[in-house]
Amino acid sequence: MPTAEKSRTIEQAKEWYAQASGVVFTDYKGLKVKELQELRANLRSKGGELHVLKNTLFRIAAGDDTAKLPADLHNGTTAFTFVYENEAEVSKALLDYAKTSKKLIVKGGFFGGKAFTAAEVQALSELPPKDVLISMVIGLIASPISNLIGTVEALYADPIRVIGAVADKVAEGSPAPEPVAAAPAAAEAVEETPAESNSTEAEPSPETPEPDAAAPETTENA
């Protein structure tokens, strides 16, 4: 039977997942606590939150969506970045950090009900900011401004969609998708420290931070 603390953690994870427009999965093995804290701060400034959770707990939070995810994304030493806005910028921040540190590995993502490979997360990170996209579309298509903004919002709701295909639809007079409401801001949560992986999954390296048993919202991989 779950303890009261575990039940609260499960509810918090469900809230993070429900509020997020997507999730990026990373292997954080080898990162120290201070390094994770610095990465978290950077991601928050972009519109995302990184949390270290038990994989089993994440599966509970994801519910039926778990069946759409490749097993390697939610197994092993995994940190989950919940993206609330600026999907491209959050993805780029993670990939840039991975290139610099050589310890963080981006395994893939999940956006709009679709699993993304690491290469697709890379492609997402290369999308221009939303205001730049709007300017690009305005410069290419003579169409009511409401249609243009709706098209760009739809693009961000489904980042893998080809810009040219969306532009063609608008040019042909197809009704533009309704704008996607902005994801609510993530609930402020006490930072958790990385925890040990389950014995059936990848063991943390000697450099991997040990979990802080005293932390009230500590979560861990399983």
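Because the structure is predicted, local features are reported only at pLDDT of at least 70 and side-chain atom pairs only at pLDDT 80 or more, while totals for chains, interfaces and linings use all residues. Residues are numbered from 1 along each chain as its sequence is written, and side-chain values rest on heavy atoms, with hydrogens and water left out.

The protein chain holds 8 helices and 5 strands, taken as DSSP runs (H or I of at least four residues for helices, E of at least two for strands) and numbered from the N terminus. Read from that end, the order is α-β-α-β-α-β-α-β-β-α-α-α-α. Of its 222 residues, 46% are buried (under 20% relative accessible area; exposed is over 50% and partly exposed lies in between, with a 1.4 Å probe and protein chains only). Among contacts (heavy atoms within 4.5 Å) with a separation of 6 or more, 78% join residues 24 or more positions apart. The accessible surface (Shrake-Rupley method, 1.4 Å probe, with only the protein chains shown as cover for residues) comes to about 10900 Å², and carbon and sulfur atoms make up 57% of this area.

Helix H1 covers residues 4-19 and reaches 23 Å between its first and last C-alpha, close to the expected 22 Å (1.5 Å times one less than the number of residues). Its buried residues are Thr9, Ile10, Gln12, Ala13, Trp16, Tyr17 and Gln19. Their cover includes strands E1 (22-27), E2, E3 and E4 (105-111), together with helix H3 (55-62).

Leu36, Leu39, Arg40 and Leu43 are its buried residues. These fall within an arc of 105° seen down the axis, so they line one face of H2; the arc is that of the directions from the helix axis to the C-beta atoms. That buried set packs against strand E2 (48-52), strand E3 (78-83) and helix H4 (87-101), whereas Lys34 and Ser45 are exposed on the other side of H2. Just after the helix, glycine 47 adopts a positive phi of about 120°.

As for confidence, pLDDT (the predictor's confidence in each residue, from 0 to 100) averages 76 over the protein chain, with 60% of the residues scoring at least 70. Residues 179-208 stay under 50, although the model gives them 85 contacts beyond four places in sequence. Residues 210-220 also stay under 50, with 32 such contacts. Where pLDDT is low, the predicted coordinates should not be read in detail.
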